[in-house]
Amino acid sequence: MASAFGFIIVIGEIAGGNRMKHDATNRRTRLRNVTLALCIGLFAASCAKRVDSTTDPLETIDYDLALAGCCEGAEPLPREISAFFEGSASTVVHTTRAIKLRQGYLQNNIAAQDRIYETLEPLDLIFVSIKSLLSGQITGYYLNHTAIYLGTETQLRAIDMWDDPSVRPYHDQIRAGQTVIEANGVDVRLVDQSTLFEIDAIALFRPPHMTAARQHEIVATLFDTVGTPFDYHFDVSDADSIYCAELLYVAMPELQWPVREIYGRPSLLPDEMAAEALRGRNGLHFLGYIYGTPHEWGVGSRAMLGQVIARHWPT
């Protein structure tokens, strides 16, 4: 309840606008906007799906049947309310990401992190669940962020990319442990292990086999996107900005990602991208799933990941 109240206060300030703060003639307008914002906050808090990430790890499930509801009803707020905050999209994103409700379950869990990093190879795809931030509670999605593993110096040398002109400017960062690329709410950037693991769960997928030439193209494309502004409108057709799931779309468009219209824009949802992989529709190979709880962490199966995603999208 405290987190929902904090969100209501923040949205109320956004709705009011600083330029109205000292203008007595606009007090009624500001009051009306704040009242609407309070309703939005309560609506968002009540609609957020709080589904336990742990479930019965069945050996097999019918993925098509279990994931049939993913990701219908992907607009958590009515379109009129979404349009109301259109001009403040960047402020909403920054604010809700800044409110930390608790520590991520896998944060500071070195054993779990090492287990993941032992698996990763260049261009492996990373899907994570972040419910420790307010932004992760509002939508109700399970997997709500994506990233791509680029590789260590040794791994990039092994694929003849270490001395590529696109990679050379980032040698120091890679040597410092920044081996993952993501679009994180500000821009596209390289991040290290500690930053990546401020999360509750992580799922890994590997792209289908590709030629060395295609692998080089993708690596170069990803490094060329570093510094691109974050896409606060989550529109994959906007080439001037990139959000997390869009980074995968830009790097590997041949994987036929499940683009759907959300709030009138072509968008991608990490839940649906992973669900399509589990259903065998985009060629991605499941590598592993690790989840955390308040007291422990565990290794989940492919079926378990499918169950958890499905419970966030009931048919």
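Colour the chain by pLDDT, the predictor's confidence in each residue, from 0 to 100. The protein averages a pLDDT of 82, and 81% of the residues score at least 70. Select residues 1-25: the pLDDT there is below 50, and this stretch has 35 contacts in the model beyond near neighbours in sequence, a contact being heavy atoms within 4.5 Å. Residues 27-58 also stay under 50 in pLDDT, with 57 contacts beyond four places in sequence. Where pLDDT is low, the predicted coordinates should not be read in detail.

This is a predicted model, in which local features need pLDDT of at least 70 and side-chain atom pairs count only at pLDDT 80 or more, while totals for chains, interfaces and linings use all residues. Residues are numbered from 1 along each chain as its sequence is written, and side-chain values use heavy atoms, with hydrogens and water left out.

**The sheet**

Next, display the strands. Helices (H or I, at least four residues) and strands (E, at least two) are DSSP runs, numbered from the N terminus; two strands pair if DSSP finds at least two bridges between them.

Select S1 (residues 125-129) and S5 (residues 201-206), which pair in the antiparallel sense over five bridges. Within this pair, Ile126 stands opposite Leu204 in S5.

Move to S3 and S4, antiparallel strands joined by four bridges. Here Ala183 faces Val188 in S4 as its opposite residue. The hairpin of S3 and S4 has four residues between the strands, and Gly185 takes a positive phi near 105° there.

**Two loops**

Between H6 and S1, select Leu123 in the loop. Its phi is near 80°, a positive value in a residue other than glycine. Then go to the loop between helix H3 (63-66) and H4, where Cys71 is found. A cis peptide bond joins Cys70 and Cys71, with omega about 10°.

How many cavities of 30 Å³ or more does the structure hold? There are two. On a 1 Å grid over the protein atoms alone, a cavity is a set of points where a 1.4 Å probe fits but cannot get out, and a pocket is an open set with protein on both sides within 12 Å along at least five of seven lines; lining residues have an atom within 4 Å of a point. Grid points are joined across faces, edges and corners, and a volume is the space filled by probe spheres set on the points.

The largest cavity holds about 1000 Å³ of space. Select Val93, Thr139, Tyr141, Tyr232 and Phe234, the closest to its centre of the 37 lining residues. H5 gives the most to this lining, with five residues.
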